[in-house]
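Keep the viewer open as you go.

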Amino acid sequence: MTVADNYNRIQKAIKQACELAGRDSNINIIAVTKYVSLQKTEEALRAGITHLGENRMEGALEKWEHFHDKATLHFIGSLQSKKAKHIIEKYDYIHSLDRLSLAKELDKRCPEGRKIRCFVQVNVSGEDSKSGIQPDEAVDFIESLKEFAAVEVVGLMTMAPYEKNPEDTRPIFRRLRELRDRIRSLNYPHAPCGELSMGMSNDYTVAVEEGATYIRIGSLLVGNEQGNAK
Ligand SMILES: *Cc1c(COP(=O)(O)O)cnc(C)c1O
């Protein structure tokens, strides 16, 4: 299977999911290239993909070097405050804002006149292994981000646990959407919060049905060259 084949299949499945849910088809597909080479990433761009996602500093910087003028770049992994400065100027979106100390660092390091577009990561499933703030802390957390002028909350992000039956992830995605709706309705100028980053290879159709606007797909789209694909 080429990346183009995978991309076609995924786009078809998204279209179906949108029809089923009666929703718009305004969905951005982020190719998560953390497991794959530069060549594979090239192939993804040639297939028409315009968003790339990386979760580790090293891979993120390498992909930036080669592709920053060809794609929108998303940092989707957890970000250590002391390393944030390397990502701020290079990446277009950060999907893992989960603490005030990180917001403070982003604000401090942000070049004058720029904004850093962030998703606040929420641990909806409550698993210990997942990062993110607790859902019931989200409103207070987002409200307190207003003191960091450079931070713009574009939306919420979550990772659902892996489920054999993807349908079982639906309540997680639904809960994130409800939380997003609530925060959006507060009309905070620093947190328009219209976007939902949710859905991966295993569960993206369910996430799309529940309103995802950014989905993050690795293994199913570009593969997993480390050989530990699902
Ligand atoms: C790796 C990763 C993905 C993609 O995972 P796949 O199951 O390979 O699609 C999505 N989001 C985050 C945060 C990741 O780390």
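Start with cysteine 193, which sits in the loop between α7 and β7. Keep in mind that this is a predicted model. Cysteine 193 has a positive phi of about 50° although it isn't a glycine. Most residues other than glycine have a negative phi, so that backbone angle deserves a look. Is cysteine 193 buried or exposed? Its relative accessibility is 0%, so cysteine 193 counts as buried.

The loop between α7 (170–184) and β7 (195–197) also holds asparagine 187. Asparagine 187 has a positive phi too, about 55°, again without being a glycine. As for accessibility, asparagine 187 counts as exposed because its value is 63%.

Move on to strand β7 and you'll find serine 197. With a relative accessible area of 0%, serine 197 is buried. What does serine 197 touch, if you skip residues up to four places away in sequence? The list runs to His95, Phe119, Leu156, Met157, Thr158, Leu176, Tyr214 and Arg216.

**Cysteines and disulfides**

How many disulfides are there in the model? The count comes to 0. Take cysteine 110: it's in no disulfide, and the nearest cysteine sulfur, in cysteine 118, is 9.2 Å away. Seen from the other end, the closest cysteine sulfur to that of cysteine 118 is the one in cysteine 110, and 9.2 Å is too far for a bond. The cut-off here is 2.5 Å between the sulfur atoms. Cysteine 110 is buried, at 11% relative accessible area. Cysteine 118 counts as buried as well, with 0% relative accessibility.

**Where α2 meets α3**

Now for some helix packing. Helix α2 covers residues 38–46 and helix α3 covers residues 57–67, and their axes come within 11 Å, crossing at roughly 50°. That angle makes α2 oblique to α3. As for handedness, α2 passes α3 in a right-handed crossing. Which residues make the contact? On the α2 side they are Leu38, Thr41, Glu42 and Leu45, and on the α3 side Glu62, Lys63, His66 and Phe67. By type, the residues of this contact split into 3 nonpolar, 2 polar and 3 charged.

At 15% relative accessibility, leucine 45 counts as buried. Ignoring residues up to four places away in sequence, leucine 45 touches Leu52, Phe67, Lys70 and Ala71. Along the chain, leucine 45 and alanine 4 are 41 residues apart, while their C-alpha atoms are separated by 9.4 Å.

**Loop residues**

Aspartate 69 is found in the loop between α3 and β3 (72–75), and its relative accessibility of 61% makes aspartate 69 exposed. Glutamate 112 lies in the loop between α5 (100–109) and β5. Is glutamate 112 buried or exposed? Glutamate 112 counts as exposed, since its relative accessibility is 81%.

Then there's serine 131, in the loop between β5 (116–121) and α6 (138–144). Serine 131 counts as partly exposed, at 30% relative accessibility. Setting aside neighbours within four places in sequence, serine 131 is in contact with Ser78, Asp98, Gln121, Val122 and Asn123.

For these loop residues, here's how sequence separation lines up with C-alpha to C-alpha distance.

| Residue pair | Apart in sequence | C-alpha to C-alpha |
|---|---|---|
| Aspartate 69 and arginine 56 | 13 residues | 20 Å |
| Serine 131 and phenylalanine 75 | 56 residues | 15 Å |
| Glutamate 112 and leucine 61 | 51 residues | 22 Å |

Another is the α2 and α3 pair, with the axes crossing at roughly 50° and Leu45 among the contact residues.

How values were computed:
Residues numbered from 1 in each chain as written. Predicted model: local features only at pLDDT ≥ 70, side-chain atom pairs only at ≥ 80, totals over all residues. Heavy atoms only, no water. Buried < 20%, exposed > 50% of the residue type's maximum accessible area, 1.4 Å probe, protein only. Axes fitted to C-alpha atoms, helices over the stretch in contact; angles between N-to-C directions. Helix = DSSP H or I, 4+ residues; strand = E, 2+ residues; numbered from the N terminus. Parallel < 35°, antiparallel > 145°, perpendicular 65-115°, else oblique. Left-handed = near helix turned anticlockwise from the far one by under 90°. Contact = heavy atoms within 4.5 Å. Nonpolar A, V, L, I, M, F, W, Y, C, P; charged D, E, K, R; others polar.
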